[in-house]
Amino acid sequence: FPLGRRLPCDIYWHGVSFHDSNIFSGQVNKFPGMMETVRKITLSRAMRTMQDLFPVDYNFYPRSWILPEELSLFVDEFHRMKDSDPSWKPTFIVKPDGGCQGDGIYLIKDPSDVRLTGSIQSRPAVVQEYICKPLLVDKLKFDIRLYVLLKSLEPLEIYIAKDGLSRFCTEPYQEPTLKNLHQVFMHLTNYSLNIHSGNFIHSDSVNTGSKRTFSSILCRLSSKGADVKKLWSDIISLVIKTIIALTPELKVYYQSDIPAGKPGPTCFQILGFDILLMKSLKPMLLEVNANPSMRIEHERELSPGVFEHVPSPVDKEVKVAVIRDTLRLVDPQKKKRKDTHCIVTVPPKQQWLGAHKHPGLWEVSPWQRVDEMSSEVPPKPTLSVILCCRCQSLLQVPEASKELPEAPKSPEAALPSLCLKQVFPKYAQQFGHLRLVDRVAALFIRFLGVKGTTKLGPTGFRTFIRNCKLSNSNFSMAAVDILYIDITRRWNSMSIEKESGMCLQAFVEAFFCLARKRYKTLPLHEQVLSLIEACEGRLGTLHGKRLVCGCG
């Protein structure tokens, strides 16, 4: 209801971001800060943090450098690798930070080929190792678009669609050479680019053409003996680990827009995960899209400048199910129905009511309660009663009126089974140990002080150090101030935002620095875990003392 609606809605469906309109209740299909969190640079930084902590677990994301600030580091690492292995002939892909639909992407063989002219300073980019040996189907490179529902941040709840889209290049693949680097229809899988190729095939079948269902690719791989179950398991693992890497930043944005303890909407969001399969069937994450296209038609040019919209069977099969089942999962009435324990809803019958004038009655057995969602018809109770749905009073039914009508069918019964599969918290035990940065973010949020901010001031940082007892003779409060100033200044110089203070990523870097100082002999993830536990323990003790003082 864009105009004229005064009453709140149950669900708000925004086109771009959480801030499309002001919302104070209900549910909205966007998380605050999601667009910023999945931008290529922010995603690369989050993944690098996790790769530092858990290098084996996060080896599904290509090695990345951020331009222009890490250009010299990129050059140094390139020459070091080249010197150690002269036969190494890498290819790199450069992606503008805010780019989409393949805009501005290009391939290079040498760091000197990075296009520094123009707007690299105002439009930063990520350069990544290019995956030169992808899995091919019909000699064509393709990627997978999977739809992931982030249903809740706290507690974390993740669903993955059982089917996705496979988007094909339109020229047969060859490994990159100086001669073919510029051939985008060979190397880039973006639908928005390949649709302009003369070789693009629109198909009415989900198994053929330049866009197919992912399930059709799995069937083909299975027929050739590939371990499809392991592939799906690897993809689920990739999705969960990626969300775990993104949640700390999202929680900071969330508390800024929807402070704890204040009324506000809850959020959910459909994300588009772009995944590339290597020849070995190892899935690699390319990027995460906060606003994946949900169009179920494509444009066909009838004559120059004249287009018509043509339905796309592949898009319709995958996307309609994702939207439908997202609404089923977030349906606010579902909980109300589950909270109602009734057998059937009986139409008002005057002879049953007597002097009771309420219009809606439920017929129940006094000793048997059946969930309304159950499709089973319960046995007739020995004593039938009428339960008034307004005043909850019970009225016995006369003997002549003890016929039980048929149980109404569940609204879900007419719908297909859910295409969205829950993967978290279902597999929480396997991945819970990876949520270290989540706990660091909780410390960060605790000391922000001012509600609605996303940056920690110097006073908040000093309070964090004092309360957690992290300063000592070897690390004075003066050293604390220097650490804060050095890290904050560097991070703010890389940021477009002008707000002063320490952002979460800067705090994480400072936290890792403190962990290395205190636990020098341990691996990084054990250093960080030890410092987290020490901070949480001291803050818990401090909170307990305050409660005791308050009681006194």
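This is a predicted model: local features need pLDDT of at least 70, side-chain atom pairs count only at pLDDT 80 or more; totals for chains, interfaces and linings use all residues.

Visitor: How many salt bridges does the structure hold?
Guide: Side chains of opposite charge can pair when their charged atoms come close. The pairs counted here have a side-chain nitrogen of Lys or Arg within 4 Å of a carboxyl oxygen of Asp or Glu. For the structure, the number of salt bridges is 26.

Visitor: Which parts of the chain does the salt bridge between E129 and R63 link, and how many residues apart are they?
Guide: The side chains of E129 and R63 meet at 3.3 Å, N to O. E129 belongs to strand β6 (residues 125-129), while R63 is in the loop between α2 (40-53) and β3 (64-67). These are distant parts of the chain, and the separation is 66 residues.

Visitor: Which residue has a side chain joined to D325 by a polar contact of 2.8 Å?
Guide: The residue has its place in helix α8. The side chain that makes the 2.8 Å polar contact with D325 is that of R328.

Visitor: Which helices does the salt bridge between R462 and D481 tie together?
Guide: In this salt bridge the closest N and O atoms are 2.5 Å apart. The two residues are 19 apart in sequence, so the pair ties together separate parts: R462 lies in residues 458-467 and D481 in residues 477-494. R462, at 22% relative accessibility, is partly exposed, and D481 is partly exposed at 27%. The helices are α13 and α14.

Visitor: Which residues are linked with D143 in a network of salt bridges?
Guide: The network has D143 and D274 on the acidic side, and its arginines are R145 and R167. The residues linked with D143 are therefore R145, R167 and D274.

Visitor: What is the volume of the largest cavity?
Guide: Rolling a probe the size of a water molecule over the atoms shows where empty space is left. A search of the whole structure finds four cavities of 30 Å³ or more. The largest cavity has a volume of about 100 Å³.

Visitor: Which helix gives the most to the lining of the largest cavity?
Guide: Among the lining residues are Y191, F200, H298, P313, V314 and D315. By class, the lining has five nonpolar, four polar and two charged residues. The helix that gives the most, with three residues, spans residues 313-330 and is α8.

Visitor: How many Å apart in space are R435 and P248, C-alpha to C-alpha?
Guide: R435 has its place in the loop between α11 (428-431) and α12 (436-446). Neighbours within four places in sequence aside, R435 is in contact with L156, I244, K251 and F424. R435 and P248 are 187 residues apart in sequence, and their C-alpha to C-alpha distance is 8.9 Å.

Notes
Residues are numbered from 1 along each chain as its sequence is written. Side-chain values use heavy atoms; hydrogens and water are left out. Helices (H or I, at least four residues) and strands (E, at least two) are DSSP runs, numbered from the N terminus. Buried means under 20% relative accessible area, exposed over 50%, partly exposed in between (1.4 Å probe, protein chains only). On a 1 Å grid over the protein atoms alone, a cavity is a set of points where a 1.4 Å probe fits but cannot get out, and a pocket is an open set with protein on both sides within 12 Å along at least five of seven lines; lining residues have an atom within 4 Å of a point. Grid points are joined across faces, edges and corners, and a volume is the space filled by probe spheres set on the points. Ala, Val, Leu, Ile, Met, Phe, Trp, Tyr, Cys and Pro count as nonpolar, Asp, Glu, Lys and Arg as charged, and the others, Gly among them, as polar. Contact means heavy atoms within 4.5 Å. A polar contact is a pair of N or O atoms within 3.5 Å; within protein, one must be able to donate a hydrogen and the other to accept it, and residues adjacent in sequence count only if both atoms are side-chain atoms.
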